[in-house]
Structure formats: structure tokens, C-alpha cells
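Thanks for coming. I will take a few minutes to go through one structure, starting with a term and then moving to charged pairs and strands.

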Amino acid sequence: PLSGVSLSVQPPGGQVALGDHPVLSCAVATGTGPLSFSWHREGSGAPLGTSPCLQLHHVGDKERSRYHCRASDGDSVAESPTLNVTVL
């Protein structure tokens, strides 16, 4: 089964300036087979993307939120901890 799903952001810390283009990355420590990913923002129903990385374009107030990624190997699903993105 999948485990160890982690989330990171560049620039580190999740604090970005208005208009920046931060990149969120999802990684899996343990899992076999082809992996699929989906990105989610708190309060938004539809996935934001389906690749291991998600770039936020022209960050503004609506991107100030909590994000997490979900990884699946076809048999099991695991979620990352939530990352808080703060727009300065």
C-alpha cells in the first residue's frame, strides 16, 4: 500500500508574494506500480491538477488557502498533510 505521501513548496515555507508562481510538489515514500496524483484546495471541489507538481500562476488572494495532494497506485489511496499557502 501507499504510504509517506509528502508535500513541499518552492519557495520553502509556503509564504509567497503577490504575483509569484510557487510550485507544489507531491512525493510518495512507499508504493508500487504506476502512481496517479490529484491536487486539492480547501473549499474547492474539483481537482486542480493531476501531475506530481502543481504550479500556481499569478498568486493572489484566492490562492491563499490550504492544499493537499492525493496519490493512488490503483489499489490504495493516500493523502499528504495539508500545506498552508500564505500570500504576503
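A residue is called exposed when its relative accessible area is over 50%, buried when it is under 20%, and partly exposed in between. Please keep in mind that this is a predicted model.

With that cut-off, take Glu 42. Its relative accessible area is 52%, so Glu 42 counts as exposed. The side chain of Glu 42 forms a salt bridge with that of Arg 66, at 3.6 Å from N to O. These two come from distant parts of the chain, 24 residues apart: Arg 66 is in strand β6, and Glu 42 is in the loop between β4 (36-41) and β5 (53-55). Arg 66 has a relative accessibility of 37%, so Arg 66 is partly exposed.

How many salt bridges are there in the whole structure? A search finds 2. Arg 70 is partly exposed, because its relative accessible area is 29%. Glu 79, at 43%, is also partly exposed.

Now to strand β6, which covers residues 65-72 and runs antiparallel to β8, with 3 bridges joining the two.

Strand β8 itself spans residues 83-87. Which of its residues lie on the covered face? They are Leu 83, Val 85 and Val 87, while Asn 84 and Thr 86 make up the uncovered face. The general rule behind such a pattern is that side chains in a regular strand alternate between the two faces of the sheet.

β8 also pairs with strand β2, residues 15-16, this time in the parallel sense and over 2 bridges. Here Val 16 has Val 87 of β8 as its bridge partner.

Last, another sheet. Three strands form an open sheet in the order β1-β3-β5, and the pairing is antiparallel. β1 (3-10) and β5 are at the edges with a single partner strand each, so one side of each has no neighbour in the sheet. Neighbouring strands of this sheet are turned by 15 degrees against each other on average, ignoring direction. Between β3, residues 23-30, and β5 there are 3 bridges. In one of the pairings, Val 23 has Gln 55 in β5 as its bridge partner.

That is the end of my part.

Notes: Residues are numbered from 1 along each chain as its sequence is written. This is a predicted model: local features need pLDDT of at least 70, side-chain atom pairs count only at pLDDT 80 or more; totals for chains, interfaces and linings use all residues. Side-chain values use heavy atoms; hydrogens and water are left out. Buried means under 20% relative accessible area, exposed over 50%, partly exposed in between (1.4 Å probe, protein chains only). Helices (H or I, at least four residues) and strands (E, at least two) are DSSP runs, numbered from the N terminus. Two strands pair if DSSP finds at least two bridges between them. A salt bridge is a side-chain nitrogen of Lys or Arg within 4 Å of a carboxyl oxygen of Asp or Glu. Axes are lines fitted to C-alpha atoms, for helices over the stretch in contact, and angles run from 0 to 180 degrees between N-to-C directions.
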